[in-house]
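Dear colleague,

Please find the structure handed over below.

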Amino acid sequence: MKKTVLILLLVLAALPAGAFMLLNGRDAVSLGGEWNYIPDPMDTGLYKYQMTILKPSKRYFADRHFYEDMTKLVEYDFDKSPTLQVPGDWNSQSEKLYYYEGSVWYRRKVDFCPEPGKRWFLYFGAASYRSIVGLNNEILGTHKGGFTPFWYEVTDVLKEGSNSLVVNVNNARGASEVPALNYDWWNYGGIIRDVLLVSVPQVFISDFHVSFDGKQIMVTVWLDGGSGSVTVEIPELGLKRTSCHFERSREICHTEPSSVISSAVEKSTRCISFRFKASPERWSPDNPKLYDIKIPCGEDSVSDRVGFRTIRVEGEQILLNDKPVFLKGIALHDETIGANPGRCRNAEDVKALLEAARELGCNFLRLAHYPHSEQMVRMAEEMGFMLWEEIPCYWNIDWNSEETYANAENQLLEMIGRDYNRAATIIWSVANETPRKPERMAFLGKLIARTRAEDPTRLVSAAMEKKFVEKTHAVVDDELIELTDLISFNQYTGWYDGTPAFCDTVSWSIPRGKPVVISEFGGGALYGNHGSASDMFTEEYMEILYRENLKMLSGLPALCGMSPWILKDFRSPKRTLVGIQDEFNRKGLIDEQGRRKKAFYVMKEFYASRK
Ligand code: GCB
């Protein structure tokens, strides 16, 4: 218990307040490549001799793992240890680590040449699941949550010449973690996303938010380290405005009068907001238009490519740019296509998944069941996919624990913080198939309120469930619906419930008044396994299952979209059927190597026929 509290405090202390967008347009050096590693299943590097309590004691941590010139007995040697590619999970890179769940030490040497007047940050795209980061024998901090970015200022720790960066990553599951012990995907461990060394001037832009309400573009900019005057420029729209010099201590700062723009330092005084009246071309799947935005401030400057669109719910419709839209979706995991899948590591990995989704005719992706990489989100945006992004409150978690809540909320805020400026993201999802009970309602209710407070511009949902009240009558009546913008639920008629023909007999009770999005449906087949349509795991069974489900679901009132389960067969240790599953969930429309199953074409035909 104590350990977790300590870890959370360190996380909060280590993050520059309000700073979640360190990268855009900044000088960054990739620390990717070969890192030496030492598996440490006993957590030897964290215990003192005979110690029974795990404690990242700074002194001991340093003695055992950060001192490279120790003269006493040293029973490890990073230089002689094997290497892993960073970014990358360890499971797909080493046969020995395929099932490994525990602690691994990574070490990378970093050559550094200081530049006067600069501040330096060490940025991690994600490390799964918890990490302790040390540089030159100093512990920088710890982080929990396997899918979101975090960083530490290292200006005073980096030294000229060679630096030793050591990271302990541990992917052991835990009953009070998010996700908890039991989930249907591979528990990939490691430094799974980019590691970057980012430099900024003394006073720098720590964050900026861009949003659009249909009439005005709002840009809010946060400064760290001092004061300055900020310019916001969107050249293609002919918009440019510079604020007056603003400082932390001043509450309001008026700029010269202007009919189109106002800017005033908000009460928090660390941020300044700009409003521009504008009619940009709207971002949409048909026209994923992005504009350059530049925000210089003193010696600092950030830039991005941003889209402008509105998203809202009106009655039983989802309106994108004020027009009803049908979400032609597919769900996917962050896992590569190939004979030996692992977490996506680069643009090619992400592109292969997105191209398969495009061929399917999708305009929408459910990024399940945790935040995918920033690269995935950005490329999806460029290609014109609307996105559902999710945090891993999956099945049962420890609803009564305050630490678990704090962890879930932290992952949520890190996800929103990273992707706030992505027009593609239209839905934040707080949970998947969670068991209905009061403590779960309290937990998710609080999380939904927090989501709305942080980002009132998007829809909020969760993947819920249906239940059969009579043999053929399915009811969706989750109390969470009161709090979400969508009625989204998973259903597996024809797979876990009856045969495909059963679809014809099912009747549905779903509350009216909100759009319905089927967040999952589907069934499995081994690619190339042909046979009778009544044999499970044949392509023919899966094909019929898709046809019957689509017929049934098309009849639901208020149906506004779907994201069938799932684009690609994915690794899951829960799926052990030899010769069929072999540790893959086989519900992919394509197999792990990208080969299209028959059901892929059923779905494709369906989407081609829908407006
Ligand atoms: C579900 C879960 C998903 C599983 C899927 C299945 O409802 O949300 O994570 O992988 O069912 O294949 O059973």
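**Confidence and ligand site**

Where pLDDT is low, the predicted coordinates should not be read in detail.

This is a predicted model, in which local features need pLDDT of at least 70 and side-chain atom pairs count only at pLDDT 80 or more, whereas totals for chains, interfaces and linings use all residues. Residues are numbered from 1 along each chain as its sequence is written, and side-chain values use heavy atoms, with hydrogens and water left out.

The protein has a mean pLDDT of 89, with 88% of its residues at 70 or more. The pLDDT is below 50 over residues 1-20, a stretch with 37 contacts in the model beyond near neighbours in sequence.

Around the ligand there are 14 residues, of which D184, Y394, E433, Y496 and K587 come nearest; a residue is near if one of its heavy atoms lies within 4 Å. Oxygen atoms of the ligand lie 2.5 Å from a side-chain N or O atom of K587, 2.6 Å from one of Y394 and 3.2 Å from one of R575. The protein buries 97% of the 320 Å² that the ligand exposes when taken alone (Shrake-Rupley method, 1.4 Å probe).

The structure holds zero disulfides, defined as pairs of cysteine sulfur atoms within 2.5 Å.

Yours sincerely

Notes
A polar contact is a pair of N or O atoms within 3.5 Å; within protein, one must be able to donate a hydrogen and the other to accept it, and residues adjacent in sequence count only if both atoms are side-chain atoms. pLDDT is the predictor's confidence in each residue, from 0 to 100. Contact means heavy atoms within 4.5 Å.
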